[in-house]
Amino acid sequence: MYKTFTLGGGQLIRLEMLTVKHLDGLVAAAANGKELYRWSAVPQTREHAEQYVRAATNCMKKGAAVPFAILSARDGRVIGSTRFWQLEHWSWPASHLRHGRIDPDVCEIGYTWLSPSTIRTGANIETKLLMLAHAFELWRVLRVCFHPDHRNELAIRSLAKLGATREGVLREHRLGADDRPSNSVRFSILAEDWPAIKDRLIYRLTHHPDAHSAAP
(Lines give C-alpha, C1' and ligand atoms only; values in the text may rest on other atoms or scores of the structure.)
Protein backbone atom coordinates (compact mmCIF):
# COMPACT_ATOMS: atom_id res chain seq x y z
CA MET A 1 0.00 0.00 0.00
CA TYR A 2 2.79 2.45 0.90
CA LYS A 3 5.56 0.91 -1.21
CA THR A 4 6.66 4.28 -2.60
CA PHE A 5 5.93 6.29 0.52
CA THR A 6 8.34 9.16 1.14
CA LEU A 7 8.44 11.64 3.98
CA GLY A 8 11.83 13.34 3.73
CA GLY A 9 13.75 15.13 6.42
CA GLY A 10 14.78 18.36 8.05
CA GLN A 11 17.79 20.00 9.65
CA LEU A 12 18.61 17.27 12.14
CA ILE A 13 17.06 14.06 10.86
CA ARG A 14 15.57 12.38 7.84
CA LEU A 15 13.11 9.52 7.70
CA GLU A 16 13.49 6.53 5.39
CA MET A 17 11.16 3.58 4.98
CA LEU A 18 12.48 0.87 7.29
CA THR A 19 14.10 -2.04 5.41
CA VAL A 20 16.68 -4.77 5.96
CA LYS A 21 19.41 -2.33 4.90
CA HIS A 22 18.96 -0.63 8.29
CA LEU A 23 19.56 -3.79 10.39
CA ASP A 24 23.13 -3.09 11.46
CA GLY A 25 22.32 0.56 12.03
CA LEU A 26 19.44 -0.30 14.33
CA VAL A 27 21.62 -2.56 16.46
CA ALA A 28 24.37 0.07 16.66
CA ALA A 29 21.87 2.81 17.56
CA ALA A 30 20.38 0.75 20.39
CA ALA A 31 23.73 -0.20 21.92
CA ASN A 32 24.22 0.80 25.56
CA GLY A 33 20.58 1.75 25.94
CA LYS A 34 19.20 -1.26 27.79
CA GLU A 35 17.97 0.74 30.79
CA LEU A 36 16.70 3.59 28.61
CA TYR A 37 14.61 1.16 26.54
CA ARG A 38 13.25 -0.76 29.48
CA TRP A 39 9.64 -0.03 28.54
CA SER A 40 10.03 0.18 24.75
CA ALA A 41 10.32 -2.47 22.06
CA VAL A 42 13.83 -1.78 20.80
CA PRO A 43 15.94 -4.38 18.90
CA GLN A 44 19.30 -4.77 20.62
CA THR A 45 20.69 -7.80 18.79
CA ARG A 46 20.97 -8.67 15.11
CA GLU A 47 18.38 -11.43 15.56
CA HIS A 48 15.94 -9.10 17.29
CA ALA A 49 16.51 -6.44 14.62
CA GLU A 50 15.65 -8.95 11.89
CA GLN A 51 12.42 -9.87 13.71
CA TYR A 52 11.66 -6.19 14.27
CA VAL A 53 12.05 -5.24 10.60
CA ARG A 54 10.21 -8.35 9.41
CA ALA A 55 7.21 -7.62 11.66
CA ALA A 56 7.15 -3.95 10.65
CA THR A 57 7.36 -4.86 6.95
CA ASN A 58 4.52 -7.37 7.26
CA CYS A 59 2.33 -4.71 8.89
CA MET A 60 3.18 -2.30 6.08
CA LYS A 61 2.21 -4.86 3.41
CA LYS A 62 -1.18 -5.21 5.11
CA GLY A 63 -1.66 -1.44 5.06
CA ALA A 64 -1.61 -1.30 8.85
CA ALA A 65 1.64 0.62 9.42
CA VAL A 66 4.31 2.80 7.82
CA PRO A 67 7.65 2.20 9.61
CA PHE A 68 10.71 4.43 9.35
CA ALA A 69 14.37 4.43 10.22
CA ILE A 70 15.43 7.76 11.72
CA LEU A 71 18.76 8.88 10.24
CA SER A 72 21.12 11.67 11.18
CA ALA A 73 20.93 14.41 8.54
CA ARG A 74 24.64 15.03 9.00
CA ASP A 75 26.09 11.63 8.20
CA GLY A 76 23.19 9.29 7.34
CA ARG A 77 23.76 7.15 10.42
CA VAL A 78 20.72 5.30 11.83
CA ILE A 79 19.80 6.88 15.17
CA GLY A 80 16.42 5.25 15.84
CA SER A 81 13.06 4.26 14.45
CA THR A 82 9.39 5.27 14.49
CA ARG A 83 6.21 4.45 12.63
CA PHE A 84 2.67 5.36 11.76
CA TRP A 85 0.37 2.49 12.69
CA GLN A 86 -3.20 1.61 13.66
CA LEU A 87 -4.22 3.32 10.43
CA GLU A 88 -8.02 3.49 10.37
CA HIS A 89 -10.21 4.09 7.34
CA TRP A 90 -13.73 4.97 8.37
CA SER A 91 -16.86 3.98 6.44
CA TRP A 92 -18.12 7.42 5.50
CA PRO A 93 -21.56 7.61 3.82
CA ALA A 94 -21.57 8.33 0.09
CA SER A 95 -22.91 11.84 0.72
CA HIS A 96 -19.98 12.79 2.98
CA LEU A 97 -17.02 14.80 1.68
CA ARG A 98 -14.60 12.24 3.14
CA HIS A 99 -16.23 9.31 1.37
CA GLY A 100 -13.86 7.33 -0.85
CA ARG A 101 -10.67 8.59 0.77
CA ILE A 102 -7.51 6.54 0.23
CA ASP A 103 -5.60 8.02 3.14
CA PRO A 104 -6.36 7.09 6.76
CA ASP A 105 -8.88 9.05 8.82
CA VAL A 106 -7.01 8.55 12.09
CA CYS A 107 -3.70 6.99 13.03
CA GLU A 108 -1.24 6.38 15.82
CA ILE A 109 2.44 7.27 16.08
CA GLY A 110 4.43 4.76 18.07
CA TYR A 111 7.46 2.48 18.28
CA THR A 112 9.51 5.67 18.53
CA TRP A 113 13.00 5.43 19.99
CA LEU A 114 16.32 7.19 19.58
CA SER A 115 19.90 6.24 20.35
CA PRO A 116 21.12 7.34 23.81
CA SER A 117 23.46 9.92 22.25
CA THR A 118 20.59 11.72 20.49
CA ILE A 119 18.25 12.12 23.46
CA ARG A 120 17.55 15.84 23.99
CA THR A 121 19.36 16.86 20.79
CA GLY A 122 16.19 18.05 19.05
CA ALA A 123 15.95 14.90 16.91
CA ASN A 124 12.72 13.82 18.60
CA ILE A 125 11.18 17.27 18.16
CA GLU A 126 11.89 17.25 14.43
CA THR A 127 10.71 13.66 14.05
CA LYS A 128 7.36 14.56 15.60
CA LEU A 129 7.12 17.73 13.51
CA LEU A 130 7.67 15.85 10.24
CA MET A 131 5.30 13.01 11.07
CA LEU A 132 2.51 15.15 12.47
CA ALA A 133 2.75 17.55 9.54
CA HIS A 134 2.39 14.63 7.14
CA ALA A 135 -0.54 13.15 9.06
CA PHE A 136 -2.52 16.39 9.41
CA GLU A 137 -1.53 18.30 6.28
CA LEU A 138 -1.20 15.57 3.64
CA TRP A 139 -3.31 12.71 4.94
CA ARG A 140 -5.70 15.20 6.61
CA VAL A 141 -6.35 12.84 9.51
CA LEU A 142 -8.79 13.85 12.21
CA ARG A 143 -6.73 12.54 15.12
CA VAL A 144 -3.28 11.18 15.97
CA CYS A 145 -2.89 9.05 19.10
CA PHE A 146 0.04 7.95 21.23
CA HIS A 147 0.02 5.12 23.78
CA PRO A 148 3.24 5.02 25.84
CA ASP A 149 3.64 2.39 28.54
CA HIS A 150 2.52 3.94 31.84
CA ARG A 151 6.00 3.22 33.26
CA ASN A 152 7.76 5.12 30.48
CA GLU A 153 8.10 8.45 32.26
CA LEU A 154 10.40 9.95 29.61
CA ALA A 155 7.85 9.37 26.83
CA ILE A 156 4.97 10.63 28.95
CA ARG A 157 6.79 13.84 29.84
CA SER A 158 7.75 14.33 26.20
CA LEU A 159 4.14 14.01 24.99
CA ALA A 160 2.88 16.36 27.68
CA LYS A 161 5.50 18.92 26.64
CA LEU A 162 4.46 18.42 23.03
CA GLY A 163 0.99 19.67 23.92
CA ALA A 164 -0.88 16.41 23.30
CA THR A 165 -3.98 15.89 25.45
CA ARG A 166 -3.75 13.17 28.06
CA GLU A 167 -7.05 11.28 27.95
CA GLY A 168 -6.49 8.61 30.58
CA VAL A 169 -5.05 5.17 31.20
CA LEU A 170 -6.04 2.03 29.27
CA ARG A 171 -5.58 -0.88 31.63
CA GLU A 172 -3.78 -3.98 30.36
CA HIS A 173 -3.97 -2.44 26.93
CA ARG A 174 -1.01 -4.11 25.23
CA LEU A 175 1.81 -6.55 25.72
CA GLY A 176 4.66 -4.63 27.29
CA ALA A 177 8.35 -4.82 26.43
CA ASP A 178 8.73 -7.07 29.49
CA ASP A 179 6.24 -9.57 27.96
CA ARG A 180 3.56 -8.73 30.51
CA PRO A 181 0.19 -7.00 30.05
CA SER A 182 0.85 -3.27 30.23
CA ASN A 183 -1.24 -0.19 30.92
CA SER A 184 -1.03 2.55 28.28
CA VAL A 185 -1.36 6.28 28.86
CA ARG A 186 -3.49 7.60 26.02
CA PHE A 187 -2.57 10.95 24.44
CA SER A 188 -4.19 12.48 21.40
CA ILE A 189 -3.90 15.44 19.06
CA LEU A 190 -6.90 16.53 16.99
CA ALA A 191 -6.75 18.35 13.66
CA GLU A 192 -7.98 21.51 15.40
CA ASP A 193 -5.07 21.25 17.87
CA TRP A 194 -2.42 20.90 15.21
CA PRO A 195 -1.77 24.58 14.25
CA ALA A 196 -0.88 25.56 17.83
CA ILE A 197 1.19 22.43 18.38
CA LYS A 198 2.99 22.94 15.07
CA ASP A 199 3.91 26.49 16.12
CA ARG A 200 5.18 25.16 19.45
CA LEU A 201 7.31 22.49 17.78
CA ILE A 202 8.79 24.96 15.30
CA TYR A 203 9.59 27.39 18.11
CA ARG A 204 11.25 24.66 20.19
CA LEU A 205 13.24 23.41 17.20
CA THR A 206 14.30 26.91 16.11
CA HIS A 207 15.49 27.78 19.61
CA HIS A 208 17.13 24.43 20.29
CA PRO A 209 20.96 24.50 20.67
CA ASP A 210 21.24 21.95 17.85
CA ALA A 211 18.90 23.83 15.51
CA HIS A 212 21.67 24.90 13.13
CA SER A 213 23.62 21.66 13.11
CA ALA A 214 22.82 18.02 12.39
CA ALA A 215 22.11 15.44 15.07
CA PRO A 216 25.29 13.83 16.44
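β5 (106–114), α3, α4, β7 (165–175) and β8 each contribute at least two residues to the lining of the largest pocket. The model is predicted, so that local features need pLDDT of at least 70 and side-chain atom pairs pLDDT 80 or more, while totals for chains, interfaces and linings use all residues. Residues are numbered from 1 along each chain, and side-chain values use heavy atoms, without hydrogens and water. Helices (H or I, at least four residues) and strands (E, at least two) are DSSP runs numbered from the N terminus.

**Largest pocket**
- A pocket is an open set of points on a 1 Å grid over the protein atoms alone where a 1.4 Å probe fits, with protein on both sides within 12 Å along at least five of seven lines; lining residues have an atom within 4 Å of a point.
- The largest pocket holds about 1,300 Å³ of space, the volume being that filled by probe spheres set on the points.
- Of its 42 lining residues, S40, T112, P148, N152 and A155 lie nearest the centre.
- β5 supplies the largest share of this lining, seven residues.

**Second largest pocket**
- About 220 Å³ of space lies in the second largest pocket.
- Helix α2 (residues 46–61) gives the most to its lining, five residues.
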